[in-house]
Amino acid sequence: MKRYWRLIVIVTVVILTIGAFYIKSSLAAGNYPEFKIEKISGNERLINSVILNGNYTAGNSMGESVKVTPDGSEYNSNQSFIERIQGLYNNKIYRLQQEYRGFMRGKTGSITSYFEEEETLAYAEVINQSVRISNNDMEFDIAVLNKENDETISFTVPVPNRAMYTQVYVEDVQMTDDTLKVVTRNFSKDGGNAIYLYSFDIMKQEINEDERVAITGENENNAMNHLGMISASDQTAAQKYIIFSKDSPDGQDVQGYIVYNLETGEQRTLEPSQDLSGDALAYDNEYLYFSTGNQIVQYNIETDEITAEIDLPSQDTSNGDMQRNTLPMLHVDSDKMYLLTGNPGKKTSQNIAVIDTTTGETLYNGQLTSKKPIDQNGALHIFDIQIGS
Amino acid sequence: MNRFTKLVNFELSRFMKIYLMLIALTIIVQVAGVIVKSNEYMARADKAISESMIPVAQFVEQNGAITFLDFARSLWFMASIGICAAALIFYVFLIWYRDWVGKNTFIYRLLMLPTNRLNIYLAKAISIVLMVLGLVSVQLIILPLENSVFKWMVPVDLRSDMTVGQIINGDYLSMLIPRTFTEFILHYGAGFMAVSVLFTAILFERSFKWKGIIAGVGYVIISVIIFALPILSTIFLNKNYLYPLELVGLEVVLGVIVTAMSIWLGNFLLTKKVTV
């Protein structure tokens with residue numbers, strides 16, 4: 001035995017150290033603060049299925065992604081390897097992958113590429129675009145799944161005038177009957193970009209209409225103004241409109257909104273006014289939601305009037321923070337609005353409220369709390385409100 | 001079995017002096033790095049606070065509190081790990097070639113041993129793996145010590161503390177010490193595969209000399225292509241057909257195939273073809 005001491009020492013040290021490290025890291029909860037949603041007032045049941053997806057950073061580390069629920073928080077680092085690599089996708093895409101495994105195979109693209117209804121799941125993405133090759137092969141990759149009979153129609157169509165563009169990005173997909181409408185942002189080689197709407201006939205498997213909805217540089221004063229897409233609260237749901245903002249070149253001031261009716265093809269511009277000021281957060285069918293700083297305004301774009309004004313919980317500005325407060329985060333789910341306010345970090349707490357969009361009544365009010373005080377440089381950044389798994 | 005243990009122990013003994021030097025170097029360089037970097041930061045803080053009369057809190061706000069990652073990302077750390085990695089990669093070759101050099105070529109005696117020649121191959125491979133894991137363990141042992149040195153050097157209001165787990169997960173160290181044991185097995189399994197491929201390439205050269213170099217390089221290229229097949233196909237088809245878990249499963253299977261092929265070929269060359 002004595003002759004083998006080198007081997008014995010190395011093997012023992014390796015097993016003890018590495019073993020201890022993995023046993024310890026599986027027991028310790030990573031030493032990150034444990035967050036949860038604590039009720040202040042209202043009906044707790046409303047928040048049961050809420051998941052807040054975020055990232056916790058301490059110091060200058062890369063941060064840890066975390067899910068916060070009413071019961072507690074789950075950090076990415078505490079997940080097993082298998083759980084983690086399956087969670088690489090957006091939550092909604094992951095759910096679609098689980099439910100429609102065959103249809104979703106090989107599909108890339110972000111959540112804006114998908115459209116889901118009770119009977120249909122549609123997908124549109126522009127493939128064959130990369131910096132390496134010239135983009136003359138850009139194609140629409142279209143697939144539509146009929147959930148009832150499990151039949152898939154899929155085809156590819158070249159992007160019209162594709163030689164003009166450097167990149168085409170799918171902003172939204174909508175479908176009515178056999179017509180698939182794809183809203184894209186096309187970056188052209190001369191540096192500008194434009195919003196296009198392509199309509200596909202699913203049965204004939206071809207493009208039957210393409211239309212340029214808006215282009216940067218149209219505005220006479222600001223040749224290079226910027227078009228910001230306002231995202232629908234549920235990006236895969238059916239919507240009657242698409243809305244985007246005409247921003248000043250620096251992206252700071254909104255000079256108006258373009259509302260495009262997908263059914264009629266009509267387009268109109270909403271000019272900023274007393275009623276229409278602040279930062280647009282999201283829209284859901286005919287309702288556009290703004291934040292004015294201390295209120296959330298629900299604006300009906302069909303009747304052009306404010307339908308509800310909801311006061312935000314007062315924010316602590318006593319720390320003399322000259323920075324603009326973080327925009328509230330909004331998720332609309334049928335007639336309920338989930339609202340997250342407050343700045344990440346220790347200075348102000350983050351609040352979550354559930355508000356009835358028809359009456360403006362606050363049904364629930366809660367606060368993100370952590371068991372132990374969070375580190376002075378630590379901050380929890382929430383980037384998504386998710387309802388249900 | 002006993003023969004095999006003896007061989008492993010023997011291989012370890014032959015590299016022990018350099019190995020211990022590597023460990024000593026790692027400890028000295030890293031601890032020195034912690035001290036130097038802390039002093040630099042403290043000097044900067046002292047200057048700002050005493051000369052420019054900036055309050056501590058404001059200094060931290062402007063410059064950021066120092067964290068352990070400031071060392072982990074410094075040359076002190078990276079160089080020490082890099083030197084150890086380079087030394088072990090070099091030794092993958094040396095562990096074979098040293099047997100052929102010298103007056104009494106040692107490989108004679110090794111090959112004359114009344115044991116299966118596969119044992120010689122595996123003993124060398126296991127020794128490399130053990131030495132890699134040994135260095136990783138040393139890193140794991142000295143990290144908390146270095147973290148204490150850091151806390152002792154920098155006052156609490158200038159630093160932001162991290163646990164050893166956070167330090168490892170927060171940066172490139174997670175390549176060496178992955179988060180979960182599953183990944184640990186996968187990373188070092190891939191490492192073992194790479195060692196076996198290189199060993200077999202070396203034995204090609206030892207068996208057929210000049211022509212063997214071409215065969216060896218060719219063998220490495222074929223192995224890389226087989227292992228990277230799923231990734232290469234994604235690049236060429238521009239489409240990702242596999243779900244992540246399927247991809248991992250396929251890679252494990254391909255990795256096992258490449259490793260088995262390398263060991264089998266290595267054994268064949270060592271038994272039938274190798275020339276002294």
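Predicted model: local features only at pLDDT ≥ 70, side-chain atom pairs only at ≥ 80, totals over all residues.

Colleague: Which residues does A:L180 touch, not counting residues up to four places away in sequence?

Modeller: Leaving out residues up to four places away in sequence, A:L180 touches A:A122, A:A124, A:I142, A:V144, A:V173, A:M175, A:F200 and A:I202. A:L180 also belongs to the largest nonpolar core, a group of 132 residues. Along with A:A122, A:A124, A:V182 and A:L339, A:L180 is listed among the residues with the most contacts inside that core. In soluble globular proteins, nonpolar side chains tend to be buried together.

Let's step back to the chain around A:L180. Chain A contains four helices and 25 strands. Of its 389 residues, 31% are buried. Among contacts in chain A with a separation of 6 or more, 45% are between residues 24 or more positions apart.

The core also takes in parts of chain B. The element that gives the most to it is α6(B), with 13 residues. Domain 1 (15-100 + 128-177) and domain 2 (178-276) of chain B each provide at least three residues of this core.

Finally, here is how the two chains meet: 37 residues of chain B are in contact with 36 residues of chain A. On the chain B side, α1 (2-51), α6 (117-153), α7 (164-169), α9 (181-237) and α10 (244-273) each supply at least two residues. That side of chain B has 17 nonpolar, 17 polar and three charged residues.

Note on methods: Residues numbered from 1 in each chain as written. Chains lettered and ligands numbered in written order. Contact = placed C-beta atoms within 7 Å. Nonpolar A, V, L, I, M, F, W, Y, C, P; charged D, E, K, R; others polar. Core = buried A, V, L, I, M, F, W, Y, C linked by C-beta atoms within 7 Å. Buried ≥ 20, exposed ≤ 12 C-beta atoms within 10 Å, placed from the backbone. Domains from an automatic or database assignment.
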